[in-house]
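Here is a short report on how two protein chains are built and how they meet. Look at the structure first, then read on.

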Amino acid sequence: MPKDNELLERFKTEAALTGAQIKVASSAEEAVEYVLGLAKEKGITTVVKSTSSIADRLDLAARLSKAGIKVMETSIAQWAAQLARGQEVPIDKLAELVSAATGEKVPAEPEAILRVARRMLKDAYTGAGLGITEADFGIAETGTLVTLENEGNARLAAALPKLHLTLLDGARIAGSLADAADLIKDSPGGIPGHKVPTFITYLTGRNTTADIPGAIFARAQGPAEEHILILIA
Amino acid sequence: MSGKLRKQVRQALADETLQAALSRFTMLTKFGRQMGMTGIDFEALRQDLHERKAKAIDNLPALIEEFKANAAAAGAVVFEAGNAGKANDYIAGLARRRGIRHIIKSKSMLTEEIGLRHHLERTGIRVDETDIGERIVQLAREKPAHIVGPAIHKTTEQIASLFTELLGEQVSTESQPLLDTVRQSLRRCYLDADMGISGANIAIAETGTIVILTNEGNGQLVTTLSPLHVAVVGIEKIMPVFEDANAVLRLLSRSCVGTKMTVYTSFITGTGKVSGLPLPGGQGPRELHIVLVDNGRSRMRDSDDFREALYCIKCGVCLNVCPVFASLSGQTYGHVYQGGIGTVLTAFYHDRERSRELSEMCLGCMSCKSVCPAGIDIPGLIRRLRAQHVRKKGLPAGKRWAYSVIKHPARLESAVRACAKLQGPFLDADSMINRLPYPLNSITDTISLPGLNINLLRSRLTEYSCPAQSKSPKVAFYSGCVTSFAYPELGEDVMRLLEKSGLAPYYPQEQACCGAPAYFSGDYSSALALAQRNIEALSSGNPDYIVTVCPGCAVMLKKEFLSLTTGLKELHEKAVRLSEKVRDLSQLLAELGTKPAVKVSKVKKVTYHDPCHLKRGLGISAEPRQLIEAAGYSLVEMNDADACCGFGGDTLLAHPELCGSILRRKLANIKATGVDTVVTGCTACVLQLRGGLHKNNSPIKVVHIARLLAGEV
């Protein structure tokens, strides 16, 4: 068996043990059908998503929209691009878009735009039935999903909606925590002065609490369910 | 001895709700750790973590500078606070300048340590804890009961009533709807707050990163949703590189909860940015302030005796296995940190006198040491605390007198003979003492004591002098005080057993008390005098082995004499040679592969209690079991066979109720096996178990393994 396959198998086993629900799709169509099926089964009407090359490849946002589900991009640049239909978005245009979306008159100043956009997005995260994010890679040893970002939207889209789905490229599995640290240090921070990205989240299983007597309860303060879609196409 | 602490101990023991919660907690965490340790090489991983922590603490001043530079380059503001007041003032000042009204906080023991929440609340800012356990104790106006589980002592009814009061609506007492209510109420807090405060489990110098672990997910929200994030970080959390953080991650959650990883492990480096647009920040905090707190840590680092305490990763597993914690829960400790490690931290961060009192509760069972993922010798730290106190304040009069007696075997023997003559009126039909006058009544309220035997072991074994020459291995028997004075027949059994096993035993007449009582009380000078005497007495006949029936004595002879004699060249060399020869009786018989001296004619069921010093002190637990079965007995394992029996000389005097509660759990486990004989390998455990069973009029017999192997019981 090739090494990648071994890592993937180990990842699947470990992630399943943590309580995540895993789907492996071997074609784009299978992947899309799975997401549509999940949304339907769970009665999802709104989705927030973070930047994802897998979702782009699957044309996932469009397919979900076509199925009547409202999809909102949460990276502010992507959100604006979605509304501007791919046109350039200068600051005054961005202010207009935010004003239109919030019904609040926002001046064309970066500070004000960011403040109002953040507030708008907070509402979107909490109101969404499903958050879709993409992990940069998985860790086989622990069944962990690793997400690197500077903006902070992915960690909110992963934590605040009722359900969370992580997209993962089946070829991107690190063997161990040590391998993961090497991968992280090799990825550029993207911000001057940063040796690593601002936010690195290791997500392992479902959020839980042992603070209410009786059992260890899932859905402490994050999503009720963790789904992982692994694409091996 | 403190009346106040003893009263608090009694209160905790009398609180039935608390006791029920504690036994659930102990069971759950025991199962959790078993799960967590599956499939890993714990010893190798903890050795790795220990070395990494040691290196980090050694280089701490340089690491602090490296961390500060990298964190600042990534956009964080780093403030170094020498003490609690400076940290609190900085954070309160920042909140005031930013006009903060409402703060959300994730759990951080350090913020408890410095009293941050109260400090901020006094300035009129609303502060909401977001870890559910911490939220519960905040509402209850209590301190956390456990480093990791602050509210382990609360029932659903108590929690529901706290939230009913907070929300002004009736809250369900059923777990699931209760949790839903708590989550919704916390969600409102996150969305309203304008500042988030967290701690950090690890800080990484090479990148200026802080690492925050939560299972509930509150850590993600506290560190992202508000425009201002303040992380309060103890300087001891700084480690050089990412791989160091991994060493912590590999063991932290496995140790305490039993999962491979905490659900959310969040690495935060500076402040973020929206990608692709010229906006002045990201969706996370616009400002990150990292407050590096010393508050006594450098002082700890400078002290060779206590530096190791800084290796603690605050996983809480030492509390989960501590028999004292299992009886009391954390609030009895009085400040913020609980258990053995808490006793040490309390001395540096809070209150030296309270720490001294707390140190009296430690039974030295070594359970904490055996599970600590950072390899911290917590019982050793406690002993050093006691020694520090003895150096500064001297011994209390009673102990001073007692150790002056045990230091001189002749004086000790005359004292024992005098007591043996006077004890008559106190003895019952079984030659047990059920009641002694004050202050010794605290012992006899918990256990019955064996009568002293006027016919001392030393006089019984005068014929066993050192053989000049012998074909079989020469074995010196070191009996220990309990055997010498209370159970001399056991000493005779040992000699017979050794002979039947083909060995040449002898009894060095010059031996004395091993000094353990003095040593563990911190009186090193008495302990050293006894070590010197015993080293001479036991080396003189040049034995092949030195055998003991009390693992407490064995640990002194084998390990502690080495540390006591450090720096005394000639004596230390002798101690090293002695150490190599010391064996517990069952260890020696197993090592030599001797045939059973006696085999029972009819299979009889017995259960076995692991003495703390035998299992955790010497690492011996399989050998006695093999010997018991080889002698024809059928072994019925009890639950928690290696849990402490509650024997502890000083602790028994200071906190008899506490020892009694630990003993009761042991006796319940023995009784649950349904067998009528419990075998053990330590004379102190025999004394404690027999005393407890006799007090309870139980017919269950306690037999030392030497007796069992020497003849049918």
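Helices and strands here are DSSP runs, numbered from the N terminus; a helix has at least four residues and a strand at least two. The model is predicted.

Most residues other than glycine have a negative phi, and most peptide bonds are trans.

Start with B:Asn295. This residue is not a glycine, yet its phi is positive, at about 50 degrees. Is B:Asn295 buried or exposed? A residue counts as buried if 20 or more other C-beta atoms lie within 10 Å of its own. B:Asn295 has 22 other C-beta atoms within 10 Å, so it is buried.

B:Met366 is also a residue other than glycine with a positive phi, near 70 degrees. B:Met366 sits in the loop between α17 (352-359) and α18 (367-371) of chain B. B:Met366 is buried because 21 other C-beta atoms lie within 10 Å.

B:Tyr438 and B:Pro439 are joined by a cis peptide bond, with omega about 0 degrees. B:Pro439 lies in the loop between β11 (432-433) and α22 (441-444) of chain B.

## Where the chains meet

How many residues does the contact take from chain A and from chain B? It takes 54 residues from chain A and 58 residues from chain B. On the chain A side, the elements that give two or more residues include α5 (76-83), α6 (91-102), α7 (110-127) and β9 (199-203). The largest share of that side comes from α7(A), with eight residues. By type, the residues of chain A that touch chain B divide into 26 nonpolar, 19 polar and nine charged.

Now follow β9(A). Strands of a sheet pair through backbone hydrogen bonds, either parallel or antiparallel. β9(A) pairs with strand β9 (residues 264-269) of chain B in the antiparallel sense, over five bridges. A:Phe199 has B:Ile268 in β9(B) as its bridge partner. A:Tyr202 has B:Thr265 as its partner in that strand.

β9(A) also pairs within its own chain. Strand β6 (residues 144-149) of chain A runs antiparallel to β9(A), and five bridges join them. There, A:Leu148 stands opposite A:Ile200.

How many of the residues of β9(A) are buried? The count is five of its five residues. Both faces are covered: A:Phe199, A:Thr201 and A:Leu203 are buried on one side, and A:Ile200 and A:Tyr202 on the other.

## A parallel sheet in chain B

Chain B has an open sheet of four strands in the order β18-β17-β19-β20, with parallel pairing. Why do β18 (633-635) and β20 (701-704) of chain B stand at the edges? Each has a single partner strand, so one side of each is left without a neighbour in the sheet. From one strand to the next, the twist averages 40 degrees.

Strand β19 (residues 677-680) of chain B and β20(B) run parallel and are joined by four bridges. B:Thr680 stands opposite B:His704 in β20(B). Helix α35 (residues 683-695) of chain B packs on the sheet and touches β17 (604-609), β19 and β20 of chain B. The direction of α35(B) makes about 170 degrees with that of β20(B).

The table sets out two packed pairs.

| Helix pair | Angle between axes | Axis distance |
|---|---|---|
| α16 (residues 339-349) and α19 (residues 378-393) of chain B | about 40 degrees | 9 Å apart |
| α9 (residues 156-167) and α10 (residues 175-192) of chain B | roughly 35 degrees | within 11 Å |

α16(B) passes α19(B) in a left-handed crossing. The two helices are therefore oblique to each other. Among the residues in this contact are B:Ile341 and B:Val344 of α16(B) and B:Leu381 and B:Leu385 of α19(B). The contact residues divide into eight nonpolar, two polar and no charged.

α9(B) passes α10(B) in a left-handed crossing. Its contact residues include B:Ile159 and B:Phe163, while those of α10(B) include B:Leu178 and B:Val182. Here the division is six nonpolar, four polar and no charged.

How values were computed:
Residues numbered from 1 in each chain as written. Chains lettered and ligands numbered in written order. Predicted model: local features only at pLDDT ≥ 70, side-chain atom pairs only at ≥ 80, totals over all residues. Contact = placed C-beta atoms within 7 Å. Nonpolar A, V, L, I, M, F, W, Y, C, P; charged D, E, K, R; others polar. Pairing = 2+ DSSP bridges. Buried ≥ 20, exposed ≤ 12 C-beta atoms within 10 Å, placed from the backbone. Axes fitted to C-alpha atoms, helices over the stretch in contact; angles between N-to-C directions. Parallel < 35°, antiparallel > 145°, perpendicular 65-115°, else oblique. Left-handed = near helix turned anticlockwise from the far one by under 90°.
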